[in-house]
Amino acid sequence: MVLGDIGVFGFRAVTEQKPNSVVNIGVLEQAMIGFAAGLAMDGRIPVVHSIAPFIVERCLEQLKIDFGYQQLSGKFVSVGASFDYASAGCTHHCPEDIAILLGIPSLEIVVPGSGDEFSVLFSKSYANGNSTYYRLSETTNKSTQDVHFGEACLLREGTQGTVIAIGPTLDLALIASEHLDVSVLYFTTLRPFDSDSLRKATKSLRVFIIEPFYEGTMFPDVVYAFSGRDVRIGGKGVPRRFLGNYGTRDEHWADLGFGIDTVRSEMEDFFS
Amino acid sequence: MSRKLAFDLQLIRKAILEISIESGEGHIPSAFSILEIVSVLYSSILNVEEICKGSTERDRFILSKGHGCLALYFILGEVGLIRRSDLASFCSFDGLLGGHPKRSIVHGIEASTGSLGHGLAIAVGLATSLKRRSSRARVYSLIGDGECNEGSVWEAALLASHNKLTNLMCIVDYNHSGDRALLLGDLGKKFDSFGFTVIDVDGHDINKLEIALSHVDQTNPVAVIAHTIKGRGLKMMENNPAWHHASPNLEQLRDFLTELSGNA
């Protein structure tokens with residue numbers, strides 16, 4: 001495990017028990033990823049951890065080239081999804097991480113909805129030989145689903161379209177749509193994207209996506225899933241602007257209209 | 001160590017010119033400035049037999065200034081790791097070899113470089129891993145002076161000395177091509193301040209290179225500042241930025257080949 005001087009206190013017990021397995025490398029993100037690539041070249045599986053903007057944006061080219069282009073296996077676990085670090089301001093926000101990382105071919109992307117789901121998904125994908133990004137979030141679902149890497153879970157079946165819930169947006173999706181005749185499809189793996197499940201679940205071509213990151217990030221995948229057919233796509237996501245407020249993440253979610261009543265009403269309009 | 005190899009560098013310079021004109025590609029002066037360095041590494045320093053086998057105990061050479069790759073490709077050709085036909089199809093659409101190295105297409109190419117500043121950090125990761133498993137393999141990273149503008153180089157340098165990576169050598173091809181943007185002054189002093197043991201050497205003197213590149217320090221990683229001339233070997237190309245990424249026309253090629261034959 002390679003830490004970018006983040007989470008050091010949290011991992012102190014592991015560091016003590018297994019000092020050879022943890023490196024706090026310091027605040028040098030480009031070299032951190034290059035270093036991890038060197039480890040991977042010698043047959044190790046580096047697990048790199050930092051706050052989302054620092055692990056995605058500060059060293060994006062290293063992710064692209066040192067791991068993507070070189071086809072090495074590394075596991076990149078971020079914390080501070082979207083605006084979890086609300087009071088810290090935009091330098092510590094990263095609602096754009098998924099949109100950016102979708103640009104690296106072959107990089108797997110996992111957005112678990114709970115800590116337990118992360119454990120399952122990480123265990124399953126840790127040694128798969130690919131590079132994978134895991135997005136940890138303070139916002140979590142109350143319950144854990146039976147998740148499988150690379151597969152979406154069909155949690156409800158309906159005829160008027162599909163609600164896609166991604167990671168921590170599941171609770172909101174289930175409650176806001178409970179009176180609607182729609183399928184609810186739960187994604188925790190975004191790359192590879194389970195288009196088959198989406199096609200099977202969708203009886204009418206209307207898809208409403210609740211994204212815990214920049215709105216529209218996953219829209220192209222829906223378009224490709226229904227390639228050539230007319231599909232109505234809408235949803236809820238983080239607006240593409242710098243969020244200038246501080247406070248808490250829940251205050252941000254509320255301010256951005258992620259309340260049950262608002263989303264329910266938007267879904268009713270969408271599916272009508 | 002394997003038997004000492006010998007390379008005809010005039011012949012290789014000619015071959016680099018010829019392939020460059022055939023393909024219309026190649027960073028000739030950069031390849032020329034590092035040719036002696038790469039040839040000494042392969043003739044006298046690296047455990048080439050292990051490299052040819054792809055062994056986990058092979059020495060690792062990372063050409064971080066990837067645009068100098070023609071030098072590496074032709075030395076690997078001499079060693080038998082790259083076929084003539086692949087050299088001949090340099091930069092062609094379906095060719096194996098491109099304008100920058102791609103990792104693992106053949107033994108001896110350890111990293112996909114081309115964007116400056118990546119190789120030294122990768123070398124640090126490799127050296128760390130090798131040291132942890134008590135391997136005797138060593139890691140060599142060849143960077144350029146322009147490349148030393150990149151912060152990632154200095155991040156890697158911090159890590160190298162902090163972790164006392166005595167199995168790591170950073171070689172700087174100091175041909176001053178970066179001077180027109182940023183003057184770096186005494187690069188040796190800079191690496192020394194970052195905790196490296198520094199050796200300055202004439203980057204075109206085979207004997208002196210053999211001594212410098214074989215240096216191992218008991219405490220620190222080593223930085224060899226190889227003072228070179230970009231485009232070394234051809235008067236018109238030496239220190240002439242017009243030739244950085246250009247391929248000669250036929251008439252120029254004739255003149256260059258004549259000059260190289262005369263210098264043999």
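Which strand of chain A pairs with strand β8 (residues 162-166) of chain A in the parallel sense over four bridges? Keep that question in mind while you set up the view, because the model you have open is a predicted one, in which local features need pLDDT of at least 70, side-chain atom pairs count only at pLDDT 80 or more, and totals for chains, interfaces and linings use all residues. Residues are numbered from 1 along each chain as its sequence is written, while chains are lettered from A and ligands numbered from 1 in the order in which they are written.

**Stop 1: chain A as a whole**

Select chain A, which holds 11 helices and 12 strands; helices (H or I, at least four residues) and strands (E, at least two) are DSSP runs, numbered from the N terminus. Along its principal axes the C-alpha trace of chain A spans about 55 × 40 × 30 Å. A compact globule of 272 residues would have a radius of gyration near 19 Å, and chain A agrees with this at 19 Å (the radius is taken over C-alpha atoms, and the globule rule is 2.2 Å times the number of residues to the power 0.38).

**Stop 2: the two domains of chain A**

Now colour residues 2-135 of chain A as domain 1 and residues 153-271 as domain 2, bounds that come from an automatic or database domain assignment. The C-alpha centres of these two domains of chain A lie 26 Å apart. Their contact takes 24 residues from domain 1 of chain A and 21 residues from domain 2 of chain A, where two residues are in contact if their C-beta atoms, placed from the backbone, lie within 7 Å. On the side of domain 1 of chain A that touches domain 2, select α5 (97-101), β5 (108-110) and α6 (115-125) of chain A, each of which supplies at least two residues. The residues of that side of domain 1 divide into 14 nonpolar, five polar and five charged (Ala, Val, Leu, Ile, Met, Phe, Trp, Tyr, Cys and Pro count as nonpolar, Asp, Glu, Lys and Arg as charged, and the others, Gly among them, as polar).

**Stop 3: a sheet in chain A**

Next select β7, β9, β8, β11 and β12 of chain A, which in that order form an open sheet of five strands with mixed pairing; two strands pair if DSSP finds at least two bridges between them. The edge strands, each pairing on one side only, are β7 (153-156) and β12 (232-238) of chain A. Here the opening question finds its answer, for the parallel partner of β8 of chain A over four bridges is β11 (residues 206-214) of chain A. To see a pair of residues across two strands, select A:A165, which stands opposite A:I210 in β11(A). Axes are lines fitted to C-alpha atoms, for helices over the stretch in contact, and angles run from 0 to 180 degrees between N-to-C directions.

**Stop 4: a cis peptide bond**

Zoom in on A:R191 and A:P192, which are joined by a cis peptide bond with omega about 0°. A:P192 is found in the loop between β10 (189-191) and α8 (195-201) of chain A.

**Stop 5**

Select helix α2 (residues 29-41) and helix α4 (residues 60-69) of chain A, which pack at an angle of about 10° with their axes 9 Å apart. This makes α2(A) roughly parallel to α4(A), a label for angles under 35 degrees. In this contact A:Q30, A:I33, A:G34 and A:A37 in α2(A) meet A:Q62, A:L63, A:D66 and A:F67 in α4(A).

Now show chain B as well, where 20 residues are in contact with 20 residues of chain A. Of the side of chain A that touches chain B, α2 and α4 of chain A each supply at least two residues, and α2(A) gives the most, with nine residues.

**Stop 6: chain B**

In chain B, select the open sheet of five strands in the order β1-β2-β3-β5-β4, whose pairing is parallel. The edge strands are β1 (60-63) and β4 (197-202) of chain B. Within this chain, strand β2 (residues 139-144) is joined to strand β3 (residues 168-174) by six bridges, and B:V139 stands opposite B:L168 in β3(B).

Finish at B:C91, a residue other than glycine whose phi is positive, near 65°.

Key. Parallel < 35°, antiparallel > 145°, perpendicular 65-115°, else oblique.
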